[in-house]
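Colleague: I am new to this structure. Could you show me how to read burial and ring pairs?

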Amino acid sequence: MGRFLPLARRAGLPRPLTQRYINGFRVDFHWPELGLIIETDGGRFHASAAQQTADRRRDQVHTAAGFTCLRFTHAQIRYQPANVIEILEQVGNRLGRVAAAS
């Protein structure tokens, strides 16, 4: 969580709600005004096939409910921050991003 929030801020996203329950699942980050849910996956808890299947199911439930869901790995956040920011900017623009956080 600690590495992701500065990237979201640099992408111009407002401050998200964190660790909230949406559609029966606890999500890492939620922007209700954008209809955006972002999960940040560490390798330790998301490496098994069973957990990856469960993660896909969660994403499908959120998408069916009308949310845009994104999932970033720890490696992407740590080693490819420019790519993460670029994706966040594009999605924020598409969803009608509200004013950039100060």
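Colleague: Is His30 buried or exposed?

Modeller: This is a predicted model. Burial is read from relative accessible area, and under 20% counts as buried. His30 has 7% relative accessibility, so this residue is buried.

Colleague: Where does His30 sit, and which residues does His30 touch?

Modeller: His30 is in strand S2, residues 25-31. Leaving out residues up to four places away in sequence, His30 touches Pro16, Leu17, Ile22, Leu36, Ile37 and Phe67.

Colleague: Now the rings. How many aromatic pairs are there in the whole structure?

Modeller: A search of the whole structure gives three. To class a pair, look at the angle between planes: under 30 degrees is stacked, over 60 is edge-to-face, and the rest are tilted. Take Phe4 and Phe29: their ring planes are at 35°, so the pair is tilted, with centres 4.7 Å apart.

Colleague: Which parts of the chain does the pair of Phe4 and Phe29 link?

Modeller: Distant ones. Phe4 is in helix H1, residues 4-10, and Phe29 is in strand S2, 25 residues apart. Both residues, Phe4 and Phe29, are buried.

Colleague: What about the rings of Phe4 and Phe72?

Modeller: Their centres are 6.2 Å apart. The planes are at 35°, so the pair of Phe4 and Phe72 is tilted. Phe4 lies in helix H1 and Phe72 in strand S4, residues 68-73, so this pair ties together parts 68 residues apart in sequence. Phe4 and Phe72 are buried.

Colleague: Which residues form the aromatic cluster?

Modeller: Phe4, Phe29, Trp31 and Phe72 form one cluster.

Methods
Residues are numbered from 1 along each chain as its sequence is written. This is a predicted model: local features need pLDDT of at least 70, side-chain atom pairs count only at pLDDT 80 or more; totals for chains, interfaces and linings use all residues. Side-chain values use heavy atoms; hydrogens and water are left out. Helices (H or I, at least four residues) and strands (E, at least two) are DSSP runs, numbered from the N terminus. Buried means under 20% relative accessible area, exposed over 50%, partly exposed in between (1.4 Å probe, protein chains only). Contact means heavy atoms within 4.5 Å. Rings of Phe, Tyr and Trp (its six-membered ring) pair if their centres lie within 6.5 Å; planes under 30 degrees apart count as stacked, over 60 as edge-to-face and the rest as tilted.
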